[in-house]
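Student: Could you walk me through this structure, starting with its strands and then its rings?

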Amino acid sequence: MASIKKVQITFDCASPLRVARFWAETLGYVVAPPPEGYDTWEAYNESLPPEERDTWAACADPSGVGPRLYFQRVPEGKVVKNRVHVDVRAGIGLVGAERLATLEAECARLVALGATRVRLLPADEENESCIVMQDVEGNEFCLD
């Protein structure tokens, strides 16, 4: 049996380019270049009829290690909690106050990018602290 070597994570959203830019900044990824013949995504989108603008975007890990993220426009808005979410691993190997300080600093950076802080899940007997957040369109993710 062959093994899968790469995965892509796809987000349904209202504004693919906006969400792609948020996640690129969050993860240190790069937004995919616009289609050939266009200097910017804005120039590409302006060349299309209004109903065909901003229908997709993507971003990728510049080192090629992490998964590609793909964003596709869908007509319906988000109405329920995500069944799958992204964990942004900012505090790997850290515990206690050092971990919490690192998470809080990263949370502040992401809020400045348009994320929303939902709540702190404090450490317990089984897990270290993490912060539940939402991206620019309300998709939940954990900062851990």
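**Strands, helices and rings**

Tutor: Let's begin with an open sheet of four strands, which has mixed pairing and the order E5-E8-E7-E6. Strands (E, at least two residues) and helices (H or I, at least four) are DSSP runs numbered from the N terminus, and two strands pair if DSSP finds at least two bridges between them. This is a predicted model, where local features need pLDDT of at least 70, side-chain atom pairs count only at pLDDT 80 or more, and totals for chains, interfaces and linings use all residues. Residues are numbered from 1 along each chain as its sequence is written, and side-chain values use heavy atoms, leaving out hydrogens and water.

Student: How many bridges join E6 to strand E7?

Tutor: E7 covers residues 130-134, and the two strands run antiparallel. The number of bridges joining E6 to E7 is five.

Student: Which strands does helix H3 touch as it packs on the sheet?

Tutor: Contact means heavy atoms within 4.5 Å. Helix H3 spans residues 96-112, and the strands it touches are E6, E7 and E8.

Student: Is tryptophan 41 buried or exposed?

Tutor: Buried means under 20% relative accessible area, exposed over 50%, and partly exposed in between, using a 1.4 Å probe and protein chains only. The relative accessible area of tryptophan 41 is 5%, so this residue is buried.

Student: Why is the pair of tryptophan 41 and tyrosine 44 edge-to-face?

Tutor: Rings of Phe, Tyr and Trp (its six-membered ring) pair if their centres lie within 6.5 Å; planes under 30 degrees apart count as stacked, over 60 as edge-to-face and the rest as tilted. Here the centres are 5.7 Å apart and the planes are at 85°, so the pair is edge-to-face.

Student: Which residues do ring pairs link into a cluster?

Tutor: Phenylalanine 22 and tryptophan 23 form an edge-to-face pair, 5.4 Å centre to centre. The linked residues are Phe11, Phe22, Trp23, Phe71 and Phe141.

Note on methods. Axes fitted to C-alpha atoms, helices over the stretch in contact; angles between N-to-C directions.
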